[in-house]
Amino acid sequence: MRRDTALKTDIVTSVDFETKYEVSSDRINASKVNLGSLVKRAVGGSVLGTFNLSQALNLTSSIGYQTPQTNVRTFGKPIVGIYQGAGTLGSNQIYPIRGGSVTLGRYDVVGGEMDYGNYNGTADQWRAMIIDTNGTSAQVVTFIADWAFLDYRTNDIA
Amino acid sequence: MKKLLRYGNGDEYIMGDIASIEPNGIAPVEEYDLDGLTREEFRKFKENRKDKKLRAKMKRING
């Protein structure tokens, strides 16, 4: 190793640390970093809703770090699906791709990532609305959301 | 903040979990704070919303 202001001579090409060795530093400068497990998947689970009360349902999903890292900004991509009825059968899928058992035009889904009026500055989010064009009904829909996210803090995610 | 929203017809929706769903344009009649539950208690509550012990721990914040 050498000082970052030193001339590029006699550089040690590689230094192996003990695999369980943790390095903590205020700042690291590197021209190339290999982060093997930077992107992880968080399981959000599924929720059910009906159109009993309203012709439209809000579907929201967000991911943020838990205490004491709640002020750390998260960055991810939502993995979402909406299904007609309870469960995640492919033929009952409403969004993003319609399955064979879903009547074309029955539902409208509008929305997407990052709501300007709701973003809290830290939690990455997906927010949308589904409308049953039949009006209010007892129809059940399933919303499922996971997140692929950049894990640069490794503390609990929720 | 994780919340339980209770609507006029008795329907309840959990907000603030990674995935959540709620009626659009309808205001809940009661809201409860779920942040007082531990992660394990929250998981149990999602499986059985009628659990009296867990319900007793929920703080009513509105309605």
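Two residues are taken to be in contact if their C-beta atoms, placed from the backbone, lie within 7 Å. The structure is a predicted model, in which local features require pLDDT of at least 70 and side-chain atom pairs count only at pLDDT 80 or more, while totals for chains, interfaces and linings use all residues. Residues are numbered from 1 along each chain as its sequence is written, and chains are lettered from A, with ligands numbered from 1, in the order in which they are written.

In the interface between the chains, 23 residues of chain A are in contact with 13 residues of chain B. On the side of chain A that touches chain B, two or more residues each come from β1 (39-51), β2 (56-63) and β7 (137-150) of chain A; helices (H or I, at least four residues) and strands (E, at least two) are DSSP runs, numbered from the N terminus. The most is given by β2(A), with 8 residues. By class, this side of chain A has 13 nonpolar residues (Ala, Val, Leu, Ile, Met, Phe, Trp, Tyr, Cys and Pro), 10 polar residues and no charged ones (Asp, Glu, Lys and Arg), the others, Gly among them, counting as polar.

Strand β2(A) is joined by 5 bridges to β3 (residues 19-23) of chain B, and the two strands run antiparallel; strands pair if DSSP finds at least two bridges between them. In β3(B), P23(B) is the bridge partner of L57(A).

Two loops of chain A carry backbone features. A cis peptide bond, with omega about 0°, joins Y95(A) and P96(A), and P96(A) is found in the loop between β4 (93-95) and β5 (107-113) of chain A. In the loop between β5 and β6 (124-132) of chain A lies M114(A), which has a positive phi of about 60° although it is not a glycine.
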